[in-house]
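Dear colleague,

Please find below the structure that I am handing over to you.

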Amino acid sequence: MANNIGFIGTGMMASALIDGIVAKGIRTPTQIHCSDIYPPARDAASKKGYNATPSSAIVCANSDNAIFLAVKPNCVMDACKDIMNAGTGTDSNDAVIISIAAGVTLQSLEAALPGRRVVRVMPNTPCLVGEAACGFALGTHATESDRTLVKTLLDAVGVSMEVNEILLNAVTGLSGSGPAYVFQFIEALSDGGVRSGLPRNVATMLAAQTVKGAAEMVLRTGKHPGELKDGVTSPGGTTIAGVEALEKGGFRAATISAVTSATKRSMQLGGTSEEEIANKYNL
């Protein structure tokens, strides 16, 4: 086996995944086969030494290890047809299919790819800087080897957590949509700095680095965020005054609501009925 990996679609998310996989030495550029209908995307991939083509059928025929579905949701079924029609006599039938298309369920994928091993992934945009937080769910036929492979590939651009597929809606609401919440928080921190007299560039840099540093403390120490917060809040000090202002403004409740609202919307887009969302998931 050549252990080639294919990508149907070579947009920003797919490109980031490919670059991470190659940078970590998991695969060489010649082991990457990718397709895209847009010439600039193919040209960019070719310049990096990847095998780029406009034909997803060619990608399928040359990918024996894994094939990523990295196209828009409305293009997934056509890509599935290309996978099923891949050249007879190749090893492509042994490749696990990894979908990063939002809202396309394992049931839909397996119906379009009968007998194939399928994994569904929810990445997020920090993948572009090697700091992704990904959730993934295995399909009916996926194996332990598939689980190991998918985790290895995703961990090349950040961290990944396996969940039950229904929880991918919550993953969408938290880490999938979460970067937008954090960007908004950084912007608000920066606004507060400007309101207090700091130049905008200084305020934004301090705000972004503060969020990055605080996140690293959670990840490295393993301590509960509340414990770390208490370590900053001296009795009667500046921080507790700021925390009080956040609580008065409904910061915690608004953040929880943002995650649950996005989770609910993900369920709606996936075809879950309003009745089931309310009665089964209490959202």
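Helices (H or I, at least four residues) and strands (E, at least two) are DSSP runs, numbered from the N terminus. This is a predicted model, in which local features need pLDDT of at least 70 and side-chain atom pairs count only at pLDDT 80 or more, while totals for chains, interfaces and linings use all residues. Residues are numbered from 1 along each chain as its sequence is written, and side-chain values use heavy atoms, with hydrogens and water left out.

Overall description

The protein has 13 helices and eight strands. Taken along the principal axes, its C-alpha atoms fill a box of roughly 75 × 50 × 30 Å. Of its 283 residues, 37% count as buried; buried means under 20% relative accessible area, exposed over 50%, and partly exposed in between, with a 1.4 Å probe and protein chains only. Contact means heavy atoms within 4.5 Å. Among contacts between residues at least 6 apart in sequence, 61% join residues at least 24 apart.

The segment after helix H13

Asn 282 lies in the segment that follows helix H13 (274-281). Most residues other than glycine have a negative phi. The phi of Asn 282, however, is near 55°, a positive value in a residue other than glycine. Asn 282 counts as exposed because its relative accessibility is 68%.

The packing of helices H7 and H8

Two packed helices are described by the angle between their axes and the distance between the axes. Here the axes are lines fitted to C-alpha atoms, for helices over the stretch in contact, and angles run from 0 to 180 degrees between N-to-C directions. Helix H7 (residues 168-176) packs with helix H8 (residues 178-195) at an angle of about 25°, and their axes are 5 Å apart. H7 is therefore roughly parallel to H8; angles under 35 degrees count as roughly parallel, over 145 as roughly antiparallel, 65 to 115 as roughly perpendicular and the rest as oblique. On the H7 side the contact is made by Gly 173, Leu 174, Ser 175 and Gly 176, and on the H8 side by Gly 178, Pro 179 and Tyr 181. These residues divide into three nonpolar, four polar and no charged. In this classification Ala, Val, Leu, Ile, Met, Phe, Trp, Tyr, Cys and Pro count as nonpolar, Asp, Glu, Lys and Arg as charged, and the others, Gly among them, as polar.

Ser 175, found in helix H7, counts as buried because its relative accessibility is 16%. Not counting residues up to four places away in sequence, Ser 175 touches Asn 124 and Ala 133. Val 211 is 36 residues from Ser 175 along the chain, and their C-alpha atoms are separated by 15 Å.

The second largest pocket

On a 1 Å grid over the protein atoms alone, a pocket is an open set of points where a 1.4 Å probe fits, with protein on both sides within 12 Å along at least five of seven lines; lining residues have an atom within 4 Å of a point. Grid points are joined across faces, edges and corners, and a volume is the space filled by probe spheres set on the points. The second largest pocket holds about 800 Å³ of space. It is lined by 31 residues, of which Gly 9, Gly 11, Ala 70, Val 71 and Lys 72 are the closest to its centre. Helix H1 (12-23) and H4 each supply at least two residues of this lining. By class, the lining has 18 nonpolar, nine polar and four charged residues.

Asp 78 is placed in helix H4 (residues 76-84). At 48% relative accessibility, Asp 78 counts as partly exposed. The C-alpha atoms of Asp 78 and Pro 225 are separated by 45 Å, the two residues being 147 apart along the chain.

Two buried residues

His 33 belongs to strand E2 (residues 32-35) and counts as buried at 11% relative accessibility. Leaving aside neighbours within four places in sequence, the contacts of His 33 include Asn 4, Ile 5, Phe 7 and Asn 51.

Asn 65 sits in the loop between helix H3 (56-62) and strand E4 (66-69), and counts as buried at 11% relative accessibility. With neighbours within four places in sequence again left aside, Asn 65 is in contact with residues including Asn 4, Ile 5, Arg 27 and Leu 149.
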